[in-house]
Amino acid sequence: MKLNTKKSNTLWRYSLKHLAGGVNSPVRAFNAVGGTPLFIKQGKGARFSDVDGNSYLDYVLSWGVLIFGHADPAIQAALSAAVSKGASYGAPTEAEAALAEMIKKALPSIDKLRFVSSGTEAVMSAIRLARGFTGRDKIVKFTGCYHGHADSLLVKAGSGAATFGSPSSPGVPAQFARNTISLEYNDTNGFLDFMARRGKEAACVIVEPLAANMGLVLPEPGFLTALRKACTASGSLLIFDEVITGFRVGFSGAQGLYGIKPDLTTLGKIIGGGLPVGAYGGREEIMRHLSPAGRVYQAGTLSGNPLAMAAGCAAIKKLSRPGVYKKLEASGQAMEKGLRLIIRKRGLPLTLNRVGSLFTLFFSKGPLKNFTDASACDTKRYAEYFWAMAERGVYLPPSQFETCFISAAHSAADIEDTLKAADEALMAD
Ligand code: KE4
């Protein structure tokens with residue numbers, strides 16, 4: 001049955017009058033799935049509802065932020081207590097160091113960290129710190145990995161892996177892009193070949209240790225180990241961008257899951273409990289180069305904002321309790337089992353990738369190991385699936401190249417309901 005989106009349509013026309021492109025972040029415009037973006041009114045637990053009163057099981061969860069679902073009571077209580085004292089001081093508070101200490105306990109690769117206000121800001125700052133620490137300009141990234149919208153990272157692979165990148169957005173100067181090399185994710189030999197020839201020019205190699213921005217693509221055995229060894233050999237810093245995976249795939253993130261120690265880690269999303277936040281951190285010998293202790297400059301009016309710190313402390317405290325990740329894994333397993341059953345039963349050309357409470361159903365036969373594979377997906381079919389699921393009360397990411405998130409608030413019954421909706425939605429295939 002078609003969704004009633006009357007009020008969303010009205011608000012969409014209103015937003016288009018005042019906001020660039022009608023949204024404050026491009027993916028929210030639904031360009032990849034068509035139709036009018038659904039305007040959300042409120043959320044509770046695993047669900048939220050739109051302005052027309054349609055209720056959905058939410059698998060976007062603010063792009064992975066809400067690991068405990070919407071309006072979690074413990075996080076709400078921490079926020080209310082904090083906001084009653086004021087919203088921002090622009091001065092040190094105890095909560096900043098307390099949250100930093102909690103993060104360090106979970107991620108032993110971090111001796112010192114710095115809070116900022118977004119994942120982009122964390123990555124942009126970490127890149128500048130890596131360049132300042134090594135005195136080198138070049139950086140290496142992987143096509144299909146997204147690290148926020150800083151100029152150095154809006155770069156697509158050059159025509160050949162050996163040539164430097166070209167801008168993937170107007171407004172990024174070509175000379176910026178020339179300092180960025182974008183290689184193929186999971187192409188261990190190609191990476192090692194590049195690093196053997198030019199590794200000593202690279203300030204850093206930045207990677208999503210578990211790629212979640214081309215849909216979920218897992219690191220091949222040996223890939224992350226090769227990055228670690230080659231960076232050590234060439235004096236380049238290995239940066240794990242754990243903005244999504246940090247506290248998502250386990251209390252010690254992807255670095256704990258895969259047993260690789262990066263030189264720098266970037267974080268965001270979950271560590272702010274729903275408030276604007278980012279963080280970057282690593283070895284003391286690197287972090288001491290950061291102003292005011294060192295000469296690499298970085299600053300921010302709302303860095304370490306008391307509300308974000310309070311919500312983040314509440315979220316991490318709750319995550320440190322036994323059983324949370326066990327429940328998330330059980331939900332992920334149930335989702336995977338059910339979707340694989342549907343794929344098999346109907347003989348569908350679909351591929352499911354999952355790690356913990358992260359999963360993507362690709363409209364491609366697969367396997368999917370890099371952006372070239374992901375780009376071959378049937379995005380038209382995904383768009384139809386998106387709306388078929390929305391009409392059945394399930395809100396998925398409005399793009400094939402994003403990842404679904406399950407929260408600790410999703411019940412076994414919610415997973416069952418989702419699988420029932422998917423079985424019907426995919427029947428049309
Ligand atoms: P933000 O600046 O959006 O807080 O974080 C940038 C970022 C950095 N690193 C990784 C691995 C990320 O996934 C992100 C942002 N993630 C996207 C979703 N894939 C945010 C959603 C959006 O752009 O609206």
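This is a predicted model: local features need pLDDT of at least 70, side-chain atom pairs count only at pLDDT 80 or more; totals for chains, interfaces and linings use all residues.
**Pro 367 and the cis bonds**

I began at Pro 367, which sits in the loop between strand E14 (358-362) and helix H13 (371-375). The peptide bond that leads from Gly 366 into Pro 367 is cis, and I noted omega near -5°. Helices here are DSSP runs of H or I with at least four residues, strands are E runs of at least two, and both are numbered from the N terminus.

Residues are numbered from 1 along each chain as its sequence is written, and side-chain values use heavy atoms, with hydrogens and water left out.

I then looked up Pro 292, in the loop between helix H10 (284-287) and helix H11 (306-319). Ser 291 and Pro 292 are joined by a cis peptide bond with omega of about 5°.

**Positive phi**

Next I checked Ser 62, which has phi near 55°, a positive value in a residue other than glycine. Ser 62 belongs to helix H2 (residues 61-64). I found Ser 62 partly exposed, at 39% relative accessible area. For the cut-offs, buried is under 20% relative accessible area, exposed is over 50%, and partly exposed is in between, with a 1.4 Å probe and protein chains only.

Is Phe 247 buried or exposed? Phe 247 is buried, with a relative accessible area of 1%.

While there, I looked at Gly 246, in the loop between E10 and H9. Gly 246 is buried too, at 3% relative accessible area. Leaving aside neighbours within four places in sequence, Gly 246 is in contact (heavy atoms within 4.5 Å) with Gly 253, Leu 267 and Ile 270.

Val 33 was my next stop, in the loop between helix H1 (6-18) and strand E1 (40-44). Its relative accessibility is 7%, so Val 33 counts as buried. Which residues does Val 33 contact, leaving aside its neighbours within four places in sequence? I listed Tyr 382, Ala 383, Phe 386, Trp 387, Pro 398 and Ser 399. The C-alpha atoms of Val 33 and Lys 380 are 7.6 Å apart, and the two residues are 347 residues apart along the chain.

Gly 34 is in the loop between H1 and E1 as well. I have Gly 34 down as partly exposed, with 28% relative accessible area. The C-alpha atoms of Gly 34 and Pro 398, 364 residues apart along the chain, are separated by 8.8 Å.

**Helix H1**

H1 has 13 residues and reaches 19 Å from first C-alpha to last, close to the 18 Å expected at 1.5 Å a residue. That expected span is 1.5 Å times one less than the number of residues. The buried residues of H1 are Ser 8, Trp 12 and Ser 15. Seen down the axis of H1, these buried residues fall within an arc of 70°, so they line one face of the helix. The arc is that of the directions from the helix axis to the C-beta atoms. On the face of H1 turned away from the buried side, I found the exposed residues Lys 6, Lys 7, Arg 13, Tyr 14, Lys 17 and His 18.

**Helix H15**

I ran the length check on H15 (residues 412-425): its 14 residues should span 20 Å, and the end C-alpha atoms are 20 Å apart, which agrees. Asp 414, Ile 415, Thr 418, Leu 419, Ala 421, Ala 422 and Ala 425 are buried in H15. Down the axis of H15, the buried residues fall within an arc of 160°, so they line one face of the helix. Exposed Ala 412 and Lys 420 are on the face of H15 turned away from its buried side. What do the buried residues of H15 pack against? I noted strand E3 (55-58), helix H12 (324-346), helix H14 (379-390) and strand E15 (394-395).
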